[in-house]
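Welcome, and please open the model in your viewer.

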Amino acid sequence: MHHDAIETLQTVHPRHVDIEQDQAAFARDPTVAQHRERLDGTGYPSQLRGDQIPVAARMMAIADIYDALTAKDRPYKKAIPVEKALAILSDDVQRGQLDRNLFDIFCAARVWTLAQKSERK
């Protein structure tokens, strides 16, 4: 499981369409919408909780939040440093919104370095 989870995290593209903008994407892959769910039931669109949220969606949630925080191409905000983004994600884990085990894997695998490498190309 650990190895599979790392592989999945490493292949999840950090930029996914917002379900409100692309209903066709949701029809093809419900994970696109489910990554907006939170373990404590405060997410959307269906207020799923805990194990109701597929593992792929939980992983995508971490990657998406990280990307939103650190993206340099957003005209409405400045990118924040990696350390601050990880601290914010950690706070979300502590509040019970994000999966602790998957966040630990995200950090141990340093998944964000993949995005940094692709930016350099």
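## Where two helices cross

Start by selecting α4 and α5: α4 passes α5 in a right-handed crossing. Keep in mind as you turn the view that this is a predicted model. Two packed helices are described by the angle between their axes and by the distance between those axes. For α4 and α5 the angle is about 140 degrees, and the axes lie 10 Å apart. Angles over 145 degrees would count as roughly antiparallel, so α4 and α5 are oblique to each other.

Now show the side chains where they meet. On the α4 side, pick I62, I65, Y66, L69 and T70. On the α5 side, pick V82, A85, L86, I88, L89 and D92. Colour this contact by class and you will find nine nonpolar residues, one polar and one charged.

**Next stop: α6**

By class, the contact of α4 with α6 holds eight nonpolar residues, one charged and no polar ones.

**Into the core**

Select I62, Y66, L86, L89, L98 and F106 together. Of the 18 residues in the largest nonpolar core, these touch the most other members. Which of the elements gives the most? That is α4, with six residues.

Zoom in on L86 while you are here. Apart from residues up to four places away in sequence, L86 touches Y66, F103, F106, C107 and W112.

**Last stop: a loop residue**

Finally, move to the loop between α3 (31–34) and α4, and select I53, which lies in that loop. Is I53 buried or exposed? Its relative accessibility is 1%, and buried means under 20%, so I53 counts as buried.

To see what surrounds I53, show Q34, E37, R38, L39, L48 and R58; I53 is in contact with these, leaving aside neighbours within four places in sequence.

Definitions and conventions. Residues numbered from 1 in each chain as written. Predicted model: local features only at pLDDT ≥ 70, side-chain atom pairs only at ≥ 80, totals over all residues. Heavy atoms only, no water. Core = buried A, V, L, I, M, F, W, Y, C linked by side-chain atoms within 4.5 Å. Buried < 20%, exposed > 50% of the residue type's maximum accessible area, 1.4 Å probe, protein only. Helix = DSSP H or I, 4+ residues; strand = E, 2+ residues; numbered from the N terminus. Contact = heavy atoms within 4.5 Å. Axes fitted to C-alpha atoms, helices over the stretch in contact; angles between N-to-C directions. Parallel < 35°, antiparallel > 145°, perpendicular 65-115°, else oblique. Left-handed = near helix turned anticlockwise from the far one by under 90°. Nonpolar A, V, L, I, M, F, W, Y, C, P; charged D, E, K, R; others polar.
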